[in-house]
Amino acid sequence: MTAQAASGTAPDRPVSTWTGWGQWLALATMTVDHLTRYVFPSAWELGWAGSSIGRIAFPLFAAMVAWHGLFNTHNPLRYARRILIIGIAAQLPYMMMPRASDAFILNVCFTLALGLAWGAWLRQLLARHRSGSLGSAWLGAAIAATLAIWYLLGGWVEYGHRGLLLVPLFMLAMHHLHAAGESLGERLLAVSLAAPVLIVAGLMNSSDMAKSFTVATCLAVLWLAAGAHRTTPGVPLAMPRRLWLTWYPGHFALIALWLWASGALG
């Protein structure tokens, strides 16, 4: 009996046990990144941790958002709205973090939510095109409009234009990696569609160390989408839902409080 059959999961909806591990790893690596960036003294010379361990967090969050938007929800836009609510709650303490630039930037939840909405909408457009209800000219115009919006929004969100691309590219690659059959053509197509994910992941960082950790994280998730998800055991301790929903805004609020108390915000 396959893992999908044992779990009662439909064949077109893969098991998602890996995301239980992903949640813990994403929160841990994100917290390491923010502690080394905002809290720990520079004299400790822990910048390497943010450039290595910390570079796991964003691609892992993006991969889980893409996976759930693709396989585990019937309404990706409602899922995107929930992510936006977390982002709105986190924006004020996020803006209190010390940065080299004073430019207004929306936190990573906006990047993830907008990327998910974009990926879901593109899938709907392509489905309508395949069904014949949307002509090629209208499809091209709609895609061009989304690219214009992407260009305008990219400068306002964390991780910028490349960050906005990651969730839609993950959705495209995951779909084909999971659905690829035995034919060589299907497998080559799936592999070719995974390549843009790795290219964008590499371009998101400047240092070789950061590139390596980001690309390796994406490779691991693509490997899971290609079939390794079936062998992933369940996490012994599931992430409490309240912790998952509140950690991002909550940890920023605690860091802001610490910085204020220590005089770093004064």
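**Exercise 1. Tyr 159**

Where is the place of Tyr 159? Work out its setting, its backbone and its accessibility in this predicted model.

*Solution.* 
Step 1. Locate the residue. Tyr 159 sits in the loop between α7 (136-153) and α8 (160-179).
Step 2. Check the backbone. Phi of Tyr 159 is near 70°, a positive value in a residue other than glycine. Most residues other than glycine have a negative phi.
Step 3. Classify the accessibility. The relative accessible area of Tyr 159 is 25%, so the residue is partly exposed. The cut-offs are under 20% for buried and over 50% for exposed.

**Exercise 2. Glu 45**

Take Glu 45 through the steps: is Glu 45 buried or exposed?

*Solution.* 
Step 1. Glu 45 belongs to the loop between α2 and α3 (47-50).
Step 2. Its phi is near 55°, a positive value, and Glu 45 is not glycine.
Step 3. The relative accessible area of Glu 45 is 65%, so this residue is exposed.

**Exercise 3. The cavity**

How many cavities of 30 Å³ or more does the structure hold? Describe the lining of the largest cavity.

*Solution.* 
Step 1. Count. There is 1 cavity of 30 Å³ or more.
Step 2. Size it. The volume of the largest cavity is about 100 Å³.
Step 3. List the lining. Met 30, Asp 33, His 34, Gly 54, Ala 57, Phe 58, Phe 61, Val 108, Glu 158, Tyr 159 and Tyr 248 line the largest cavity.
Step 4. Assign elements. Two or more lining residues come from each of α2 (18-39) and α4 (57-72).
Step 5. Sort by type. The lining has 7 nonpolar, 2 polar and 2 charged residues.

**Exercise 4. The nonpolar core**

Which residues have the most contacts inside the largest nonpolar core?

*Solution.* 
Step 1. The largest nonpolar core has 56 residues. Leu 112, Phe 170, Met 174 and Tyr 248 have the most contacts inside it.
Step 2. α4 gives the most, with 12 residues.
Step 3. Take Leu 112. Beyond neighbours within four places in sequence, Leu 112 is in contact with Phe 58, Phe 61, Ala 62, Val 65, Ile 83 and Val 167.
Step 4. Cross-check with Exercise 3. Tyr 248 is among the core residues with the most contacts, and Tyr 248 also lines the largest cavity.

**Exercise 5. Thr 214**

Which side chain makes a polar contact with the side chain of Thr 214?

*Solution.* 
Step 1. Thr 214 lies in helix α10 (residues 208-225).
Step 2. Its relative accessibility is 2%, so Thr 214 counts as buried.
Step 3. The side chain of Asn 205 is its polar partner, at 2.8 Å. The side chain of Thr 214 also reaches the backbone oxygen of Arg 55, at 3.4 Å.

**Exercise 6. Tyr 38**

Is Tyr 38 buried or exposed? Identify its contacts.

*Solution.* 
Step 1. Tyr 38 is part of helix α2.
Step 2. Relative accessibility is 8%, so Tyr 38 counts as buried.
Step 3. Beyond neighbours within four places in sequence, Tyr 38 is in contact with Met 97, Pro 98, Arg 99, Phe 252, Ile 255 and Leu 259.
Step 4. The side chains of Tyr 38 and Arg 37 make a polar contact (3.2 Å).
Step 5. The C-alpha atoms of Tyr 38 and Phe 71 are separated by 36 Å, with the two residues 33 residues apart along the chain.

Methods. Residues are numbered from 1 along each chain as its sequence is written. This is a predicted model: local features need pLDDT of at least 70, side-chain atom pairs count only at pLDDT 80 or more; totals for chains, interfaces and linings use all residues. Side-chain values use heavy atoms; hydrogens and water are left out. Helices (H or I, at least four residues) and strands (E, at least two) are DSSP runs, numbered from the N terminus. Buried means under 20% relative accessible area, exposed over 50%, partly exposed in between (1.4 Å probe, protein chains only). A polar contact is a pair of N or O atoms within 3.5 Å; within protein, one must be able to donate a hydrogen and the other to accept it, and residues adjacent in sequence count only if both atoms are side-chain atoms. On a 1 Å grid over the protein atoms alone, a cavity is a set of points where a 1.4 Å probe fits but cannot get out, and a pocket is an open set with protein on both sides within 12 Å along at least five of seven lines; lining residues have an atom within 4 Å of a point. Grid points are joined across faces, edges and corners, and a volume is the space filled by probe spheres set on the points. Ala, Val, Leu, Ile, Met, Phe, Trp, Tyr, Cys and Pro count as nonpolar, Asp, Glu, Lys and Arg as charged, and the others, Gly among them, as polar. Contact means heavy atoms within 4.5 Å. A nonpolar core is a set of buried Ala, Val, Leu, Ile, Met, Phe, Trp, Tyr and Cys residues joined through side-chain atoms within 4.5 Å.
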